Amino acid sequence: MSKVRTKSQVELRRGAAWFFGGLAVTILTYTFATNGGGGPYMVAWGPVVFGLFLLLKGLIGVLSGDSELAPVLEERTPASPDGKCPSCNSMNPPKRQYCQTCGRYMLA
Ligand SMILES: [Zn+2]
């Protein structure tokens, strides 16, 4: 099996990261502020709320058996940098956009 995750699993993980990360920053800065004589402290409630939202959304998706796959980031490399057509295997000048023989778009 390849490492394919569902959209909900990705949301769950990302949500947990934001939530716990934001919570840690909030607690840490709050502790520093109270120990240091009541200075201003940073409250990272934005990430916490955002993370919680993502976390719950992902959790609901996972629990409900949502199997929609997460979008895989594709590399934007030319299909044929050497000018060879992936469709008809004819040779074209390098970095040509369209195949001379069959007209296939070759840079995507
Ligand atoms: Zn071709």
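Helix axes are lines fitted to C-alpha atoms over the stretch in contact, and angles between them run from 0 to 180 degrees between N-to-C directions. The structure described here is a predicted model.

Two packed helices are described by the angle between their axes and the distance between the axes. Helix 1 spans residues 7–35, and helix 2 spans residues 45–63. They pack at an angle of about 155 degrees. Their axes lie 7 Å apart. The angle makes helix 1 roughly antiparallel to helix 2, because angles over 145 degrees count as roughly antiparallel. The crossing of helix 1 with helix 2 is left-handed. Residues in this contact comprise 14 nonpolar, eight polar and three charged.

Valine 48 belongs to helix 2. Its relative accessibility is 5%, so valine 48 counts as buried; the cut-off for buried is under 20%. The C-alpha atom of valine 48 is separated by 4.9 Å from that of glycine 22. Along the chain, these two residues are 26 residues apart.

A zinc ion is also present in the model. Its protein donors are the SG atoms of Cys85, Cys88, Cys99 and Cys102. These donors lie 2.2 to 2.3 Å from the zinc ion. Angles among the four donor atoms are 105 to 117 degrees, and the site is tetrahedral. The donor residues follow the spacing C-x2-C-x10-C-x2-C in sequence.

Technical notes
Residues are numbered from 1 along each chain as its sequence is written. This is a predicted model: local features need pLDDT of at least 70, side-chain atom pairs count only at pLDDT 80 or more; totals for chains, interfaces and linings use all residues. Side-chain values use heavy atoms; hydrogens and water are left out. Helices (H or I, at least four residues) and strands (E, at least two) are DSSP runs, numbered from the N terminus. Angles under 35 degrees count as roughly parallel, over 145 as roughly antiparallel, 65 to 115 as roughly perpendicular and the rest as oblique. A crossing is left-handed if the near helix is turned anticlockwise from the far one by less than a right angle, and right-handed if clockwise. Ala, Val, Leu, Ile, Met, Phe, Trp, Tyr, Cys and Pro count as nonpolar, Asp, Glu, Lys and Arg as charged, and the others, Gly among them, as polar. Donors are N, O and S atoms within 2.8 Å of the metal (3.2 Å for Na, K and Ca); water is not among the atoms, so sites may look incomplete. Four donors count as tetrahedral if all angles lie between 85 and 135 degrees; four count as square planar and six as octahedral if opposite donors are over 155 degrees apart and all others between 65 and 115; anything else is irregular. Buried means under 20% relative accessible area, exposed over 50%, partly exposed in between (1.4 Å probe, protein chains only).
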